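Here are some exercises to work through with the model open beside you. Try each task before you read its solution.

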Amino acid sequence: MDRLLRQLSQLAITVFGIVTVTFFLVRMIPGDPAQYMLGDYATEEALATLRAQLGLDQPVYVQYGLYVLRAVTGDFGSSVVTGRPALEEILFSLPDSAILAFAGLAVAVAIGIPLGILTAERQGSWSDMLIMIVALFGISFPVFWLGLASVLLFSQELKWFPALGASSGGGVLTHLHHLVLPAGVLGISVAAYITRLTRSAMLEVLGQDCIRVARAMGVPERRVVWRLALKNALVPILAIVGVTFAWSLGSAILIEVVFSRPGIGSMILKAVSARDYQLVQAGVLVLAVAVVLVNSLLDLAYGLVDPRLSTR
Amino acid sequence: MPNHPMPNLHPVAPAAPIAPATAPRPVALELRDLTTVFPGDDGPVTVIDGVSLAVRAGGTLAVVGESGSGKSMTFLSALGLVATPGRVRRGEVRIDGTDILHQPPERLRRLRGAVISMIFQDPLTALNPVFTIGEQIVEVLRAHQRIGRAAARARAIDLLARVQIPDPVRRVDDYPHQLSGGQRQRVLIAMAIALSPRILIADEPTTALDVTVQAQILDLLADLQAETGMALVLITHDLGLVAKYADDVAVMYAGRLVETGSMEEVFTRPRHPYTRALFRSIPRLDGPVDEELPAIEGQPPNVARLPPGCAFEPRCTVGRGRADCCTRRPLPLAGDRSGHRSACFHEDLPDRKEAAR
Ligand SMILES: Nc1ncnc2c1ncn2[C@@H]1O[C@H](COP(=O)(O)OP(=O)(O)OP(=O)(O)O)[C@@H](O)[C@H]1O
Ligand code: SF4
Ligand SMILES: [Mg+2]
């Protein structure tokens, strides 16, 4: 209970920090929203009126104060483009991004963790080295490059998967069919990272005394690696998954753009070019809170894995 | 372990009475010419060099030597547990006359824990922090036997009782961090004896524990040995423990065996100048005996750069600078019928320091 309270207060502080940072970050986007909305030929008067209407004529700290006050009540302003509440717009497209990010993370975990364990088990062998080199390439390639390449190969050439969009109609199957390629691309690029970190977490555990003891008692190597060592490595591995969730959400945004899928990413991109401050703010905030929430949940999971952490 | 009364450590004191002359017990574990190398900057470094020794069933062999002399590595090598990139280059490890090292890994694994077991110095890190002690004992049982969950758990509780853990039925579900250091070492002993191995290697089992707990753990090992007749290898820095528990002693220096013999022989008539230096620095007669291995003069050797002759030559008060000591390597040879051996060209010469006195 204590733990939960501490988590929650940490969460509140973090969210406040995020609100602040996004506010100022968004103000750093060059260009004047009023100008953008009214076009190049707007009169000075019309611009002034609109700025006043948007609150942009106030000093920045007043804008910030008002923003925070409203944010506390859940009001993040309205999109200047559509006029609808910004938070609503964002939450509306959250599921699309979340599905992609989680699908990608699932692919990454399913590939990365077993590969990391296998390579740790065979440290120094040629298969270990080969996989590590491939993983290094995987990390170094930008995800949108992988995305474009896979669109060219699997959609244009082989025509296995649709290249663009997410089916709006259609059943679960068509939906999944649209998801395979973007989630696969996302998963593979994140998997490279998870593989490397899982490997080093496992190697560290495999060098510990308690593992040597298990070997000295004749515990079979498979059990030593996949049970005794793996459970020890689970806390660092969970931490890795937490970090990569942030990353996979970030990559999901890029991938949405490459594959023209609907989602927060596409929406933020449009909002930035429209200088739609409210929408950008709300979008970045929702993404950040999602990352923080997932990491808090993982924090709670550590306690289940490691008895030393739960009896504190 | 005989647990005989403490003999005097001074070389001229009479030895404790020797055990009745019954037929010698069979050799349980024998190392022959065991040699282990690690890759180094200038070619392979021999960290264990031609070690040959034997432990009899029901007997206790104490292995002593400075830190880094290769005591642990010798027995890790014997169990096939040398961490990569190290490897056993040469030699045999015989149990019941068969060499276990040159067997398929799976056969060797089946022997580990079941026939030959090892416990380590630091009970704080030797147990797996994320499994209960019961789970860890069960893991060992199930590594060697087909046994159901409930039966394995019952066995684990029995074993905890056997190593005198109070309230084993409740303790079996504890995690290691809920136990004291002494209790953790007991749990490790429980794991090591779970399958009644014939040989138990105890690598400084009490170094990390405080003195009263040390005595309890060693008495526990002595009791278990008396019950089961297992052979015990006791790696230690503590000459007091050697005197109290050992039948035989092996002294190591720079990865080589420099002296072996019965405890009485080695304590009363140490031959190798290194062994003599060890005993000389112990307080005479009735001084405290449970003392750490005394430091002796000179730099501890670097096994990557040993002199071409005797490894002890740079520090040896007898042979320093002697032509034979500097060029040829002395091998441990049986000096007499008692099996007391030492690897020294000049074991009959007195130390220069002593002669000067
Ligand atoms: N991974 C390794 N790589 C290279 N050399 C090693 C490695 N592990 C051990 N050694 C060497 O093996 C030698 C023997 O070490 P070992 O641990 O057996 O000594 P020890 O007699 O047990 O010492 P202690 O009393 O401190 O336990 C040392 O010289 C050490 O440097
Ligand atoms: S062989 Fe020579 S150097 Fe080595 S211990 Fe004996 S006397 Fe000393
Ligand atoms: Mg050691």
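Buried means under 20% relative accessible area, exposed over 50%, and partly exposed in between, using a 1.4 Å probe and protein chains only. This is a predicted model, where local features need pLDDT of at least 70, side-chain atom pairs count only at pLDDT 80 or more, and totals for chains, interfaces and linings use all residues. Residues are numbered from 1 along each chain as its sequence is written, chains are lettered from A and ligands numbered from 1 in the order in which they are written, and side-chain values use heavy atoms, with hydrogens and water left out.

**Exercise 1.** Decide whether B:Ile137 is buried or exposed, and find where it sits.

*Solution.* Start with the area: B:Ile137 has a relative accessible area of 0%, so it counts as buried. Last, check a distance: B:Leu188 is 51 residues away from B:Ile137 in sequence, with 8.5 Å between the two C-alpha atoms.

**Exercise 2.** Work out how enclosed strand β8 of chain B is, and which strands pair with it.

*Solution.* Count first: 5 of the 5 residues of β8(B), 231-235, are buried, so the strand is largely enclosed by the rest of the structure. Then split by face: B:Ala231, B:Val233 and B:Ile235 are buried on one side, and B:Leu232 and B:Leu234 are buried on the other.

Now for the partners (two strands pair if DSSP finds at least two bridges between them). Strand β3(B), residues 60-65, runs parallel to β8(B) with 4 bridges, and B:Ala62 sits opposite B:Leu234. Strand β7(B), residues 199-203, is also parallel to β8(B), over 5 bridges, with B:Ile199 opposite B:Ala231. To get from β7(B) to β8(B), the chain goes through helix α8(B), residues 211-228, in a right-handed β-α-β crossover. Right-handed here means that, with the strands pointing away from the viewer, the path from the first strand over the helix to the second runs clockwise.

**Exercise 3.** Follow β3(B) to β9(B), then β9(B) to β10(B), and say which way each pair runs.

*Solution.* Take β9(B), residues 248-253: 5 of its 6 residues are buried. With β3(B) it pairs in the parallel sense over 5 bridges, and B:Leu61 faces B:Asp248. With β10(B), β9(B) runs antiparallel over 6 bridges, where B:Val249 is opposite B:Gly261. That hairpin has 2 residues between its strands, and B:Ala254 takes a positive phi near 50 degrees there.

**Exercise 4.** Sort the shell around ligand 2 by residue class.

*Solution.* A residue is near a molecule if one of its heavy atoms lies within 4 Å of it. There are 13 residues around ligand 2, and those that come nearest are B:Cys310, B:Cys316, B:Cys325, B:Cys344 and B:Phe345. Now apply the classes: Ala, Val, Leu, Ile, Met, Phe, Trp, Tyr, Cys and Pro count as nonpolar, Asp, Glu, Lys and Arg as charged, and the others, Gly among them, as polar. The shell comes out as 9 nonpolar, 3 polar and 1 charged.
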